[in-house]
Amino acid sequence: MTEEPDFVLIGRVRGAHGLKGEVSVEPETDIVERFKGLRQVLVRWSGEIREIGVTSARGMGGDVLVKLEGTDDRGAAEALAGAELGVRRRDVWPLGGDTYYVFDVIGSRVVGDGGREIGRVEDVLRMPANDVFVVRTGKGETLIPATKNVIKRIDAAAKLVVIEELEGLLD
C-alpha cells in the first residue's frame, strides 16, 4: 500500500445521494466528526489529486454525506463514485495516548522484544475485534494482532514496532 506522502485517506465515495450533488462517503477514519469541520478536501480520482472545497457534511447512518464545490447535480456526484477523499498530513487531528494513525505504522520495522528483526508492516487490516498488522518477513507474510499483549511499543517517529514473540505467533 503506497500513499502519496501528503495524502491521508479519510473516506471513499460510494456514489451520489439525492439530486443536488451530495456524495455518500464511507469513512476510513475513526474520527467521523472531522468531516463536519472540513473546508477543503483532497480528491484522488483517475490518478489525479485535486483540492476541492467542502460546502457541507453531515452524518447518515455509518456514512457521511458530503457536498463538494462544483458538484451541483446527481450526474456530477455519480461521476465521483470510487474517488478517495483525503487531507494533507499536516491537517490530521492529533491523537492522544497509545493511539496511532495507520500511516504512522505502515513501513515500520517490526522487532521482537529480544531485538530479533522480524520484518516490516505493509498494511493494517481493520477487523471487528482488533486491527491486524500485515508484516512482510523474509519467509513471506505474517499477520500480527494489534493487541496490548502482543504489541509492546510503537515508536512512530522511529518507524518501529516492538512485539512480544508469543509461542506460535510467527509460525
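**Salt bridges, cores and hairpins**

Asp6 is partly exposed, with 35% relative accessible area. The model in view is predicted. Start at this aspartate, in the segment before β1. Which residue does Asp6 meet in a salt bridge? The partner is Arg88, with the closest N and O atoms 3.3 Å apart. Arg88 sits in the loop between β6 and α2 (102–105), 82 residues from Asp6, so the pair ties distant parts of the chain together. Arg88 has a relative accessibility of 22% and therefore also counts as partly exposed.

Side chains of opposite charge can pair when their charged atoms come close. The structure holds 18 salt bridges. Another one joins Arg14 and Asp63, at 2.8 Å from N to O. This pair, too, links distant parts of the chain. Arg14 belongs to strand β1 and Asp63 to strand β5, 49 residues apart. Is Asp63 buried or exposed? Asp63 has 15% relative accessibility, so it counts as buried.

Lys67 and Asp72 form a further salt bridge, their closest N and O atoms being 3.2 Å apart. The two ends differ in cover. Lys67 is buried, at 15% relative accessible area. Asp72 is exposed, at 57%. Salt bridges with shared partners also join Arg12, Glu28, Arg44 and Glu84 into one network.

Turn now to a loop. Gly70 lies between β5 (63–68) and α1 (74–78). Its relative accessibility is 65%, so Gly70 counts as exposed.

Next, the interior. Nonpolar side chains tend to be buried together in soluble globular proteins. Here, the largest nonpolar core has 25 residues. Which of its members touch the most others? They are Phe35, Val41, Val43, Val66 and Leu68. At least two residues of this core come from each of β1 (8–17), β2 (22–27), β3 (40–45), β4 (48–60), β5 and β6 (84–87). The strand that gives the most is β1, with four residues. Look closely at Phe35. Leaving aside residues up to four places away in sequence, Phe35 touches Ile10, Gly11, Val25, Pro27, Thr29, Ala57, Val64 and Val66. Another core, of 14 residues, lies apart from the largest one. Its members include Ile106, Val121, Val124 and Phe133.

Phe133 leads on to a set of strands. In β10, the bridge partner of Phe133 is Ile144. Strands β9 and β10 (residues 140–145) run antiparallel and are joined by six bridges. Two residues connect β9 to β10 in a hairpin. On its other pairing, β9 (residues 132–137) runs antiparallel to β8 (residues 117–125), with five bridges between them. Here Leu125 has Val132 in β9 as its bridge partner. β8 and β9 also form a hairpin, with six residues between the strands.

The loop between β8 and β9 holds Met127. How accessible is this methionine? At 44% relative accessibility, Met127 falls between the cut-offs of 20% and 50%, so it counts as partly exposed. Met127 also belongs to a nonpolar surface patch, together with Leu125 and Leu143. This patch covers about 250 Å².

Key
Residues numbered from 1 in each chain as written. Predicted model: local features only at pLDDT ≥ 70, side-chain atom pairs only at ≥ 80, totals over all residues. Heavy atoms only, no water. Pairing = 2+ DSSP bridges. Patch = residues over 30% accessible without salt bridge, like charges linked within 9 Å, V, L, I, M, F, W, Y side chains within 5 Å. Areas by Shrake-Rupley, 256 points an atom, 1.4 Å probe, with all protein chains shown as cover. Salt bridge = Lys/Arg side-chain N within 4 Å of Asp/Glu carboxyl O. Buried < 20%, exposed > 50% of the residue type's maximum accessible area, 1.4 Å probe, protein only. Core = buried A, V, L, I, M, F, W, Y, C linked by side-chain atoms within 4.5 Å. Contact = heavy atoms within 4.5 Å.
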